[in-house]
Amino acid sequence: MTTQVAANRCWSCGSVQESNEALLKHISTSNHSSFTLDSHHSAESGFIWQDDRYLAPFLQDDSMLYSFEEEGEDAMESINGVDVVDKEELLRELGGGDCLKDIQSLVDSLSDDDDVELSDLALTNLSTTESAGKAIGAGAANNRKEVYDLNSNNSKSNGVTTAEETSQQYSLVKTKDKRSKVTFANVAEKEIKSINESYFGAYSRFAIHREMLSDQVRMDAYKGAILNNPSLFKRAVVMDVGCGTGILSLFAAQAGAAKVIAVEASEKMASVACQVAKANNMLKEESENAKNQNSRGVITVVHSMIEDIDKCMAIESQSVDVIVSEWMGYCLLYESMLSSVIYARDHWLKPGGAILPDIAKMYVAGVGKGGTSLSFWENVYGFNMSCIGKEVVEDAAQQPIVDVVDSRDIVTETFVLHTFDIMTIKSEDMDFTTTFELKPKLGRENAMSDSQEEVLKEEFIQTAICNDFEDLSLSSIHWCHGIVLWFETGFTSRFCKEMPTVLSTSPYNPKTHWAQTLLTFKEPIALSPCASTKVSSSMQEIGTASSPAFGIKGRLSIARSFRHRSIDISVETMAVGAGDQVRVWPVQIFNI
């Protein structure tokens with residue numbers, strides 16, 4: 001129907017007009033027969049839009065037309081080949097709150113012998129029992145050869161079917177169908193399980209642990225925060241969330257902790273952590289021989305996700321003094337390990353307890369051509385392959401690049417994008433939107449000290465008065481090809497009173513295995529700290545060589561993706577010119 005309307009076709013006479021306006025004019029003519037429903041309805045075929053051809057999808061492989069029937073036999077739950085109702089799942093699928101209270105009697109009335117299928121019951125926000133009854137009736141009517149009408153002869157009180165009446169009606173539904181019982185919740189749970197298995201499986205390879213243990217910046221920060229703050233760890237109960245090889249647990253035990261609970265979801269790495277702790281006489285042995293030998297081990301390794309640890313061991317609520325975790329991923333939030341730390345904090349951390357690190361900050365800055373691969377492709381052993389570079393940049397404008405950025409390629413000042421307080425953050429706070437403003441960095445070929453930079457700024461101010469920038473390097477145009485993100489985590493004096501420390505992944509500091517995350521613009525923006533004060537005649541000129549911008553303003557959003565442990569990033573940018581003129585670019589979406 002949409003395509004026919006878009007074609008500007010008259011439904012009365014069938015003529016096609018040049019435009020929508022022409023079609024309206026054609027319809028309004030006096031000699032034009034008016035359109036009526038009766039004229040387009042026949043007893044044999046019905047209305048024209050009831051033709052089966054209108055069921056064909058406009059988009060091929062449209063994800064919105066996903067069929068749950070294709071999940072296969074592994075999603076079926078049946079007894080003797082007949083689908084049955086699982087009461088707990090029915091409660092979960094229909095949601096919580098008032099809805100549960102309304103349908104409780106309905107669910108209790110279902111017996112295990114009732115042949116009821118739930119494939120059409122993945123509904124939420126059913127506020128009344130009447131809505132639930134209608135949903136059940138509609139779902140059953142479409143798929144059964146023998147159905148009793150649930151809505152006939154209903155006795156209602158104030159227009160709402162009572163739970164008892166709906167229960168009696170629902171018990172009449174019988175099926176001879178053998179369709180699988182699959183819901184959105186089943187699919188989501190299956191997807192999360194698959195991703196978790198892949199994720200923790202990746203951490204069972206030793207290469208990635210060697211990379212992390214070889215990261216001097218990472219290890220110095222954690223080792224310093226734990227060993228240089230003995231008052232925090234002495235006789236403390238410590239929980240290590242995602243312990244890996246157990247290195248942080250070893251530091252905690254070395255610092256004087258009375259008990260260390262090392263939690264690791266990878267079965268292989270949990271076994272390795274046990275072996276490592278035992279090899280260093282730090283594993284808590286449960287055998288009588290160990291007790292007789294006065295073992296000084298304090299580390300207990302638990303193979304479990306932190307959310308499922310109750311299934312493995314009993315931990316008293318609010319019994320942990322310190323939570324330590326290296327939860328950070330690329331762009332800080334990739335992998336979503338922070339939610340596990342939040343879960344541990346809310347369930348086991350004592351009031352007044354500590355989390356290390358306790359602060360995290362994200363930063364953004366503009367990056368020049370050298371931060372991309374364009375320069376490489378412009379000269380490959382003396383040959384120009386820039387055509388490849390352009391294609392690579394086009395791809396990079398949709399997919400983030402995780403790589404080490406040279407500080408000399410940063411073309412703007414740094415902006416603090418967002419700050420997280422790990423002691424108070426909630427899971428939903430991991431999704432955020434914020435604005436940023438980037439000012440051109442003073443031009444220089446090499447990095448310089450702060451004192452040198454201040455001198456250069458003063459020279460620039462004095463020279464700028466004469467508006468003669470021909471010989472001044474500060475007047476050169478800097479092309480901003482994208483923005484680069486990095487983070488810092490702080491072990492602050494709030495808990496590390498003896499010696500606070502910071503773990504930084506800044507391009508101005510020694511590199512780490514996290515590197516930086518580069519988001520490439522579709523079109524570079526020209527920047528200059530001494531851009532012309534003349535107002536541009538066209539907005540499209542702002543940010544070009546003829547009218548470089550004074551700065552870049554933007555809005556950035558980061559949200560957890562529908563795909564578990566991934567994140568989506570959206571970036572909106574605009575170049576700011578003279579007279580507060582702005583040029584806005586379309587939003588860009590990235591996924592990690």
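Tyr222 is buried in this predicted model, with a relative accessible area of 2% (buried means under 20% relative accessible area, exposed over 50% and partly exposed in between, with a 1.4 Å probe and protein chains only). Phe491 is also buried, at 1% relative accessibility. The structure is a predicted model, in which local features need pLDDT of at least 70 and side-chain atom pairs count only at pLDDT 80 or more, while totals for chains, interfaces and linings use all residues. Residues are numbered from 1 along each chain as its sequence is written, and side-chain values use heavy atoms, with hydrogens and water left out.

The structure holds seven aromatic pairs (rings of Phe, Tyr and Trp, the last by its six-membered ring, pair if their centres lie within 6.5 Å; planes under 30 degrees apart count as stacked, over 60 as edge-to-face and the rest as tilted). Tyr222 and Phe491 form one of them: the ring centres lie 5.1 Å apart and the planes stand at 80°, so the pair is edge-to-face. This pair links distant parts of the chain, 269 residues apart. Tyr222 belongs to helix α9 (residues 216-227), and Phe491 belongs to strand β14 (residues 478-491). Helices (H or I, at least four residues) and strands (E, at least two) are DSSP runs, numbered from the N terminus. Tyr330 and Tyr334 have ring centres 6.2 Å apart and planes at 10°, so this pair is stacked. Tyr330 is partly exposed at 31% relative accessibility. Tyr334 is partly exposed at 25%.

Helix α9 packs with helix α11. Their axes lie 9 Å apart, at an angle of about 25° (axes are lines fitted to C-alpha atoms, for helices over the stretch in contact, and angles run from 0 to 180 degrees between N-to-C directions). That makes α9 roughly parallel to α11 (angles under 35 degrees count as roughly parallel, over 145 as roughly antiparallel, 65 to 115 as roughly perpendicular and the rest as oblique). Tyr222 takes part in this packing: Met219, Tyr222, Lys223, Ile226 and Leu227 in α9 meet Ile247, Leu248, Phe251, Ala252 and Gln254 in α11.

The largest nonpolar core has 94 residues (a nonpolar core is a set of buried Ala, Val, Leu, Ile, Met, Phe, Trp, Tyr and Cys residues joined through side-chain atoms within 4.5 Å). Helix α11 (residues 247-254) gives the most to this core, with six residues. Phe233, Met239, Ile299, Leu556 and Ile569 have the most contacts inside the core. Phe233 touches residues including Ala225, Ile226, Ala252, Val322 and Leu356, not counting residues up to four places away in sequence (contact means heavy atoms within 4.5 Å). Another core lies apart from the largest one and has eight residues, among them Ile410, Val484, Trp486 and Leu518.

The peptide bond from Leu356 to Pro357 is cis, with omega near -5°. Pro357 lies in the loop between β9 (349-356) and β10 (359-367). Gln318 is not a glycine, but its phi is positive, near 55°. Gln318 sits in the loop between β7 (299-303) and β8 (320-324), and is partly exposed, with a relative accessible area of 44%. Ala515, also not a glycine, has a positive phi of about 55°. Its place is in the loop between β15 (501-504) and β16 (516-527). Ala515 is buried, with a relative accessible area of 9%.
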